[in-house]
Amino acid sequence: MQLDDLYREVIVDHYNRPRNFGRPEKWDIMVEGKNPVCGDEIVIYLTVKDDVVSECRFEGKGCTISIASASVMTESLIGKSLGEIRLVLSDFNRLLRGEVCQRCEQYSDAIAFQGVTKFPVRVKCALLAWKTLEGAIPDSGTHQA
Amino acid sequence: MALDPRQIKADFPIFAAQVRNGRELVYLDNGATTQKPRVVIDAERDFYSSEYGTVHRGIYHLSAMATGLYEAARETVADFVNARLTKEIIFTRGATDSINLVARTFGDRFIGKGDEIILSEFEHHSNMVPWLMLQERTGARLVYVRSTPDWRLDMTDLRSKLSSRTKLVAITGMSNVLGTINDIDMICQLAHEHSARVLVDGAQLVPHFGFDVRATDCDFLAFSSHKMLGPTGVGVLYLKEEIGAAVPPYLGGGDMIEYVRYDGFTTNELPYKFEAGTPNIAGVIAFAKAIEYLQGLGIENIIAHEREVTEYALDRLLSLEGIEIYGPKTPDKRGALFSFNYKDIHSHDVASILDFANIAVRAGHHCAQPLMQRLGVNSTARASFYVYNQKEEIDILRESLKQCERFLKHAVG
Ligand SMILES: Cc1ncc(COP(=O)(O)O)c(C=O)c1O
C-alpha cells in the first residue's frame with residue numbers, strides 16, 4: 001500500500017483546480033450533502049434540458065478526496081440522461097466497493113479513485129458528492145447494470 | 001520522580017504489536033481514548049477466567065467474590081477523587097451516560113421553565129445535548145459563557161450571567177478541542193453563592209490531572225474509564241449524597257429497587273438506586289486496576305509530565321510555519337492536547353498522511369460543532385498526549401507535518 005494510491009496526481013489536480021466549481025446562476029435541481037463525521041459539506045446544482053444534464057456544478061468544503069471526487073462527478077455527468085446518471089452513480093459505487101468496473105474508464109478521471117478502496121476510512125470522502133446526488137435521483141442506489 | 005515514557009510503553013502491548021514499516025506507533029489520539037496496560041487487560045481476562053460471577057445477588061462463593069471485587073473498585077474510585085462517601089460513586093457506561101443521568105434525574109426534578117443552565121462555548125456534545133433535551137422537555141434555558149480571545153472561560157461574563165435563575169453550571173474541566181482547563185474551584189464558589197449546583201465534565205481533565213471533589217466542592221463529576229487506561233463501557237458519576245437522595249431514579253430495573261409490588265416500587269439506597277441492571281462487572285474491576293496503575297506512576301508525576309510535554313509541544317508546534325493552533329498558546333491551565341490546521345491542508349488529508357508514518361491523530365469536529373463554527377473552521381486535526389508519549393514524538397509529528405505539505409505540493413507538479 002502506497003500513499004500515492006490515495007493521492008494520485010489526477011486526484012490532487014482535481015482538488016487544486018476543481019472543475020465546474022461554484023454556484024451557477026440558474027439550476028433545476030439542487031442538493032446539499034454533509035459528512036457528519038468530519039463536517040465536510042457540498043452542494044450540487046444540476047441543469048437538465050430535454051432529460052439531459054446540460055450543466056452540473058458544485059460548491060463546498062472538504063478534503064482532497066471529497067472535492068476531487070465531486071469535480072470528477074460533475075465532469076462525468078454532463079451530457080448524460082437522467083437514466084444514464086443512475087448507471088454512472090451505481091458504477092462509481094461499485095468501483096469504490098473494490099469491484100471491477102470497465103465503464104468507469106469512460107467517466108472523466110473516476111478510475112483514479114480505485115486506490116481509495118485501500119484506505120477504507122476515506123471511501124466515505126470519495127462518495128460524499130455521489131451519495132448526495134443519489135438522494136435527488138431516486139432508486140439510483142439499487143440500480144443494477 | 002519524572003515519568004519514563006519509554007519504560008511505560010513497555011507495559012502497553014499495543015506498541016509492540018503495531019510497528020508498521022519499521023516505524024513505531026506514535027499514538028496521539030488520547031483525547032478520544034487511551035491504550036491499555038497489561039495489568040488492565042490481564043485483570044479482565046483473569047476475572048473471566050477464574051473469578052467470574054454476578055454481583056449483589058448470588059449467595060454462592062463466586063458471586064460473593066465478584067461483589068467484593070466490584071465494591072472494592074468503587075472504593076478505589078472514591079479514594080481517587082477523594083469522595084466523602086463511597087456510595088457517592090455511581091458506575092455508569094461512560095461520561096455521556098453520567099451526564100444524561102444527571103439531566104434525567106436532577107434536571108427533571110429541579111430545573112423547570114425559566115430556570116437557567118450555564119455552559120461554556122466549548123462543551124463536548126455530551127455536555128450540551130442532554131441539556132438541550134432538558135430544555136425541550138421543561139422549557140429551561142441554556143446560557144453560554146463567552147470565551148476570552150485566548151480561549152479561556154471569561155470569568156467576568158460568568159459572574160454577570162449567574163443569577164437566582166441559575167440552577168446548574170455544567171462545565172468541562174478541560175476542553176477536548178482547545179485544551180483549556182477551567183478554574184473549577186472558582187466556578188464552584190461563584191455558583192454556590194447563587195445556590196446553583198455545578199456539574200464538572202471531567203472526561204478530559206480527570207485522566208491527566210486527577211480530581212478532588214471535596215476540595216473543589218463540586219456537586220457532580222462525570223468521567224470515563226476508557227480515557228484513563230481502563231476498558232470501554234465504564235464511567236463514573238460522583239454526586240453528593242444529599243442530591244442523590246433527593247432525586248428520582250434514572251433507569252428502572254434490577255438492583256435499583258428495594259421492593260416491587262404489582263402496583264408500585266420503592267427504590268434502593270445509594271449508589272444502587274442509579275445502577276439498574278447487571279453492570280459491566282469485569283470492566284469496573286479492570287478500571288480499578290487502571291486507576292491503581294496511574295496512582296503507581298503518581299498523579300503529581302503525571303501532571304509534571306503533562307506540563308513538560310505541553311511546554312515542548314507549544315514551543316515546537318507554534319514555531320512551525322503555517323500551523324494554526326486553536327486554544328491557549330501558553331502552558332498554564334492547559335492540557336497536552338492541541339487542535340490545529342496546517343497550511344490549507346484539510347485535516348483528513350493531514351490525518352491520512354500522518355497515519356502513513358504510523359502517527360495516529362484525530363481529524364474532524366471532535367463532537368463540538370458549535371465551537372467549530374466559532375473557530376471558523378469545518379474541522380481540525382488534533383494531537384493529544386498521555387503518560388506513554390515522549391517529547392521526541394512531538395519532533396516526529398513536526399517533521400511529518402512538513403512531509404504532508406511536500407507530498408501534496410509534489411503531487412500537483
Ligand atoms: C470533554 C468530553 N466530555 C465527554 C466525553 C464523552 O465521553 P464518552 O464518550 O466516554 O461518554 C468526551 C469524550 O470524547 C469528552 O472529551
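Analyst: What follows is a set of questions about labels, each settled by a value and a cut-off. Keep in mind that this is a predicted model.

User: What are the confidence scores of the model and its chains?

Analyst: The model scores ipTM 0.78 and pTM 0.91. Chain B averages a pLDDT of 95, with 99% of the residues at 70 or above. The mean for chain A is 89, and 94% of its residues reach 70 or more. Over residues 140-145 of chain A the pLDDT is below 50. Beyond near neighbours in sequence, that stretch has eleven contacts in the model.

User: How many aromatic pairs are there over all chains?

Analyst: The count comes to 16.

User: Why is the pair A:Phe21 and A:Phe58 called edge-to-face?

Analyst: The ring centres are 5.0 Å apart. The limit for a pair is 6.5 Å. The planes stand at 85°, and edge-to-face needs over 60. Therefore the pair is edge-to-face.

User: What makes this pair a tie between separate parts of chain A?

Analyst: A:Phe21 lies in the loop between α2 and β1, and A:Phe58 in strand β3, so the pair joins parts that are 37 residues apart in sequence.

User: Why is the pair A:Phe92 and A:Trp130 called stacked?

Analyst: The planes of A:Phe92 and A:Trp130 are at 10°, and stacked means under 30 degrees. The centres are 3.7 Å apart. So the pair is stacked. A:Phe92 lies in helix α4 and A:Trp130 in helix α5, so the pair ties together parts 38 residues apart in sequence. A:Phe92 and A:Trp130 are buried.

User: Which rings form a cluster in chain B, and which charged residues sit over rings there?

Analyst: Ring pairs link B:Phe12, B:Phe15, B:Tyr293, B:Tyr386 and B:Tyr388 into a cluster. The charged end of B:Lys9 sits over the ring of B:Phe15, 5.4 Å from its centre. B:Lys391 lies over the face of B:Tyr312, at 5.2 Å from the ring centre. The distance cut-off for such a charge is 6 Å.

User: How do you know that B:Asn30 is buried, and what does its side chain reach?

Analyst: B:Asn30 is at 1% relative accessibility, and the cut-off for buried is under 20%. So B:Asn30 counts as buried. B:Asn30 lies in the loop between β1 and α3 of chain B. Its side chain reaches the backbone oxygen of B:Ser384 at 2.9 Å. The limit for a polar contact is 3.5 Å. Leaving aside neighbours within four places in sequence, the contacts of B:Asn30 include B:Tyr386 and B:Tyr388.

User: What makes the buried residues of α6(B) line one face of the helix?

Analyst: The buried residues of helix α6 of chain B are B:Pro130, B:Trp131, B:Leu134 and B:Thr138. Seen down the axis of α6(B), they fall within an arc of 95°, so they line one face. They pack against α5, β3, β4, β5 and β6 of chain B. Just after α6(B), B:Gly139 takes a positive phi of about 80°.

User: Is A:Pro120 buried or exposed?

Analyst: A:Pro120 is exposed. Its relative accessible area is 61%, and exposed means over 50%. A:Pro120 is found in helix α5 of chain A.

User: Why is A:Gly39 called buried, and what does A:Gly39 contact?

Analyst: A:Gly39 is at 17% relative accessibility, against a cut-off of under 20%. So A:Gly39 counts as buried. A:Gly39 is found in the loop between β1 and β2 of chain A. Leaving aside neighbours within four places in sequence, A:Gly39 is in contact with B:His365 and B:Asn378.

User: How do you know that A:Ser81 counts as buried?

Analyst: The value is 18% relative accessibility, and buried means under 20%. So A:Ser81 counts as buried. A:Ser81 sits in the loop between α3 and α4 of chain A. Not counting residues up to four places away in sequence, A:Ser81 touches A:Asp51 and A:Val52.

Methods. Residues are numbered from 1 along each chain as its sequence is written. Chains are lettered from A and ligands numbered from 1 in the order in which they are written. Side-chain values use heavy atoms; hydrogens and water are left out. pLDDT is the predictor's confidence in each residue, from 0 to 100. Rings of Phe, Tyr and Trp (its six-membered ring) pair if their centres lie within 6.5 Å; planes under 30 degrees apart count as stacked, over 60 as edge-to-face and the rest as tilted. Helices (H or I, at least four residues) and strands (E, at least two) are DSSP runs, numbered from the N terminus. Buried means under 20% relative accessible area, exposed over 50%, partly exposed in between (1.4 Å probe, protein chains only). A charge sits over a ring if NZ of Lys or CZ of Arg is within 6 Å of the ring centre and within 35 degrees of the ring normal. A polar contact is a pair of N or O atoms within 3.5 Å; within protein, one must be able to donate a hydrogen and the other to accept it, and residues adjacent in sequence count only if both atoms are side-chain atoms. Contact means heavy atoms within 4.5 Å. The arc is that of the directions from the helix axis to the C-beta atoms.
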